[in-house]
Amino acid sequence: MKTRIIRACTGESGPGIRRAARALRGGGLVAFPTETVYGLGANAMDSQAVAGIFKAKGRPQDNPLISHIAGRKGLEQLVDRVPRKAEDLMSAFWPGPLTLVLEKSREVPEATTGGLPTVAVRMPANDIALALIREADVPVAAPSANLSGSPSPTCARHVLDDLDGRIDYVIDGGKTRIGVESTVLDLTADTPRILRPGGITHKMLLQAVGEVEEGTPGGRAKSPGMKYRHYSPKARLILAEGHGKTQMLAERYMEKNLKVGVIATDGKTYNADTVKKIGETHEEIARNLYQTLRKLDEEQVDIIIAQTVKDQGLGHAIMNRLKKAQDK
Ligand code: TXA
Ligand code: MG
């Protein structure tokens, strides 16, 4: 299969978006930008089309997908009942980087939800994504558009590096604004629970609905994706706090003749084989993190020393991704 690139600068539904939407309706695979990372889309209501996503990514079948919508109609196809808390959260944060897990309707195929009775729904804050979904006129199931296990793509080039020849289209909308995936919030229990931290923080959610828990109760993997290795660069990644520790580790591994890359989040200078200053605010760091992990793999470093950030707000989502990249 030849993967075609569509360049889209605005959210207007031009001929490129229309072609991609037609492909989606016909059961094809289209990668598109969102405000978080690029997604690999298929018609969420078509189990065969959805099977294509798992195949292209090499993704385990029991890891459910997020269904993306552009309005009320899509929501009504996916769920029969919208709880009050969901309404409050939607009006506070949609379109935006918040995914809500709700009881699914009978029409949603099991392939989309990994066999679960629930469905994850989100309305992305990206004009190109919204135009595509609106034009396709179906909910669009889309995981991040990377090969399973590699860092999520934040530009069209990353999508092609992983999936060229495996998908029909990629819509190039430039670099994504946020850079880490959406917050996944389970609304099927009495108390909403964060299954994956992301762009919408615990504090923001608390303000909207009063009570929010985090993590999985009793260690049960409620969000199946959490049990899989994720976001991993090929090199070994080690977390380090502060300038002294970072420099010490870099030197220790260079002495062993290993190629060392440092990811600096303090703007300071380091002595290592390659040094990436990825920004000092959480927003900059989130935006640059995945592209930096990919770059360091291209440079074939053996060891990545990544500086920690303050585990708070968006920093909590960044630390979550760094820790997952660390243990493999
Ligand atoms: O920002 C994002 O969320 C991006 C963009 C493309 O929208 N998408 C994304 O999808 O990160 P993916 O497939 O890489 O991650 C989806 C996460 C997984 O951890 C999955 O297990 C969880 O959401 N999930 C999906 N459906 C679920 C459900 N019914 N119950 C619990 N967790 C679910
Ligand atoms: Mg992913």
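Reply: Definition to begin with: a salt bridge is a side-chain nitrogen of Lys or Arg within 4 Å of a carboxyl oxygen of Asp or Glu. This is a predicted model, where local features need pLDDT of at least 70, side-chain atom pairs count only at pLDDT 80 or more, and totals for chains, interfaces and linings use all residues. Residues are numbered from 1 along each chain as its sequence is written, and side-chain values use heavy atoms, with hydrogens and water left out.

Me: OK, how many salt bridges in the whole structure?
Reply: A search finds 13.

Me: What does arginine 7 form a salt bridge with?
Reply: Aspartate 172, with the closest N and O atoms 3.1 Å apart. Arginine 7 is in strand E1 (residues 4-7) and aspartate 172 in strand E8 (residues 169-172), so the pair ties together parts 165 residues apart in sequence. Strands here are DSSP runs of at least two residues (E), helices runs of at least four (H or I), both numbered from the N terminus.

Me: Is arginine 7 buried or exposed?
Reply: Exposed, at 64% relative accessible area. Exposed means over 50%, buried under 20%, partly exposed in between (1.4 Å probe, protein chains only).

Me: And arginine 193, what's the partner?
Reply: Glutamate 213, with the closest N and O atoms 2.5 Å apart. Arginine 193 lies in strand E10 (residues 193-196) and glutamate 213 in strand E11 (residues 213-214), so this pair links parts 20 residues apart in sequence. Arginine 193 is buried at 17%. Glutamate 213 is partly exposed at 32%.

Me: Which residues are linked in a network of salt bridges?
Reply: Arg72, Glu76 and Glu87. Glutamate 76 and arginine 72 have their closest N and O atoms 3.8 Å apart. They sit four residues apart in helix H3 (residues 72-78), so about one helical turn separates them.

Me: Switching to packing. At what angle do H1 and H6 pack?
Reply: About 55 degrees, with the axes of H1 (residues 15-25) and H6 (residues 127-136) 8 Å apart. Axes are lines fitted to C-alpha atoms, for helices over the stretch in contact, and angles run from 0 to 180 degrees between N-to-C directions.

Me: Which residues make the contact?
Reply: From H1, Ile17, Arg18, Ala20, Ala21, Leu24 and Arg25; from H6, Ile128, Ala131, Leu132, Glu135 and Ala136. Contact means heavy atoms within 4.5 Å.

Terms used. Chains lettered and ligands numbered in written order.
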